[in-house]
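Let's take a walk through this protein together. Please keep the sequence and the model side by side as you read.

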Amino acid sequence: MVPLPPGHEPARSRLELRAVRELLEAQYERVRAYAEQHTPGPAPSPVPPVPQDLPASPSGHDLLEAMPIPALLIAPVRHHEGGIRDFVHLGHNAAARAHPGEGQSASSSLSAWSGPASLFDRFPALAGTALPGMLERACHDGVTQGPESIAWFRSTPGGPARSNILMRVIPCGRHLLITWEHGDPLRMALAAQRLVKTCWAEWNLGDSGIQPSLGFRDVLGLEETTPLPSLFDLATLVTRDSVSALYQLLYDVILRKHTAECELLLHTGTGTGADRVIRMVAEPEQVAPGALVWAVRAVLIDVTSQWHRRAATEHAEREARQQRRRAETVAEVADVLREAVLPHFQGELTSSGLEAAVVYRPDATEAGVGGDWYKARRLPDDRLLVAVGDARGHGLEAATLMAKLRYALAGLAYTEQPVEQLTQWLNEVACDDGVESTATSIIARYHPERALLRWTCAGHPCPVLLRRGRATQLPAPPGGPGPALGVLPHIDYTAAETPLVPGDIVLLYSDGLVERRDSDPDQDTARLLEAVEVVCAEGAPAPGHDALQAFTQRVVHLLDGPHRSDDATLLTLRRITARHST
């Protein structure tokens, strides 16, 4: 349904309420016309005389026996001051003998009748119930008392049992009648309606009267003093959006003579929102099959809690769809970004005496790209720039910072300044970017003429050197590792120098490759060293990029697993004999 412009909703609501009123008024006219047509005429005049030979009126005993429910005849006994001192059991009917209210002992007392006796001597368990007070009030006020639930405990061969009857005390001349029904069907019906939040009602379309169940007001959230609502009153209690649903239900039931149902949002309080949601299932009550509908019979169920759960589920599903769409969009962006900033190199470093291979594993819980970055490229002075870094955070925010630092380093490297200066400048770039822009890194230059790797450490794990089958972690630069990029400005960094011999493999990695939750960093490093040596023992990588790439992938495979909670990078460099271009 297309929402109306502001200011038009009250007008629409008035039109829908008028439609409900006109539907009910038209049916009222049809019911009244039917009733006038089928109402019998007045009795003939003169009225025939009453026969004189009628049977005699039944005795009190006959009337007592004719009652279909259990009944006791009671006589109040007064003392000389006029007050009541006892109640005498004078007799009972066959229904009382068939359905005693006190179990086996009562059945014996009624069956073995020995004449009038004190009521509470014959039925002592009733003395501690509400019955004495009911008898007193019936004598004093002369009006029926009850029905009232009377309960007591009694002993049985199987253990204590609870008796429960619905009892009335009815004045009958100078006597009293006690009647009862087993259990309390009205109370049980009300409890059942309350437990399942269900009620029922029948609306008469001829006089707008209503015959509701006991739980009707409770289900609709009405006060006990609130008048019972007609069908039109019900239309005024529901929200604007529910009026049309109620009209359709009434149309289907009254005119199409079909069973119908709808959900109604009721605002029984002073707020503008719905206080509760009612599912209404209605059927026509007809004068005869296929004839005029004279009443609407309906079951009403409070489904507020289910409605809220359904609304919450639908909201969660919408959020999940939106999150999935966002994730798909971010993944697409991540794929493009990864292709743009994470280089693919094969053979471009061999002329300077190095082979390089890399394996990158994104964090599976994020967008497919994170803060890890790496770079290995040849510079105009024939030296090689090699770097590995890890920007703070995850997802696109970390990737954005990673891209900034990577491209900044690429530009700074063309100054031909030593790696100490490059690292200091990159730190200033990160500091200027904001307090959240921090990253760790290894920044290195390879000098092919000396087969020397000079590198700085900004809060990053130190590289590992594999030489002749043994893996060791390289010592930190003089003075120890410097702080991460972006933490403090104007920091001086120092460089370590690592000479390489042919066949040496240097492994630069991010902490996501080895880090485990609640694990010691030294143990993390030891796992990496062991994995490198295990792979090397299986077979040292043969010459060529493909073999080095396979070696790198095998190391990552041994260390990777479901425990990883960060992206992981492993960049391997192997010293080879330089291949000069001709």
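Two strands pair if DSSP finds at least two bridges between them. Helices (H or I, at least four residues) and strands (E, at least two) are themselves DSSP runs, numbered from the N terminus. With that in hand, look at β10 (residues 276-286) and strand β11 (residues 293-302): nine bridges join them, and they run antiparallel. Before going further, note that this is a predicted model, in which local features need pLDDT of at least 70 and side-chain atom pairs count only at pLDDT 80 or more, while totals for chains, interfaces and linings use all residues. Residues are numbered from 1 along each chain as its sequence is written, and side-chain values use heavy atoms, with hydrogens and water left out.

Here is the overall picture. The protein has 15 helices and 21 strands. Of its 582 residues, 42% are buried, where buried means under 20% relative accessible area, exposed means over 50%, and partly exposed lies in between (1.4 Å probe, protein chains only). A contact means heavy atoms within 4.5 Å. Among the contacts with a separation of 6 or more, 62% are made by residues 24 or more positions apart.

Back to β10 and β11. These strands form a hairpin with six residues between them, and in the turn glycine 290 has a positive phi of about 80°.

Another open sheet has six strands, in the order β3-β2-β1-β6-β5-β4, with antiparallel pairing. The edges here belong to β3 (117-118) and β4 (145-156); each has a single partner strand, so one side of each is left without a neighbour in the sheet. Helix α6 (residues 131-141) packs on the sheet, touching β1, β2 (84-92), β4, β5 (159-172) and β6, and its direction makes about 150° with that of β4. Within the sheet, strand β1 (residues 71-78) and strand β6 (residues 175-182) pair over four antiparallel bridges, with leucine 72 opposite isoleucine 178 in β6.

Now move along to glycine 459, in the loop between β16 (452-458) and β17 (464-467). Glycine 459 is partly exposed, at 38% relative accessible area. Leaving aside neighbours within four places in sequence, glycine 459 is in contact with Thr440, Gly482, Pro483 and Ala484.

Is valine 506 buried or exposed? This residue of strand β20 (residues 505-509) counts as buried, because its relative accessibility is 0%. Beyond four places in sequence, the contacts of valine 506 include Leu453, Val464, Leu500 and Leu571.

Finally, find helix α14 (residues 521-538), which holds threonine 525. Threonine 525 is buried, with a relative accessible area of 15%, and it touches Gln473 and Tyr509, not counting residues up to four places away in sequence. The axis of α14 comes within 9 Å of that of helix α15 (residues 545-559), and the two cross at roughly 135°. α14 and α15 are therefore oblique to each other, since angles under 35 degrees count as roughly parallel, over 145 as roughly antiparallel, 65 to 115 as roughly perpendicular and the rest as oblique. Residues of α14 including Leu528, Val532 and Val535 meet residues of α15, among them Phe551, Val555 and Leu558.

How values were computed
Axes fitted to C-alpha atoms, helices over the stretch in contact; angles between N-to-C directions.
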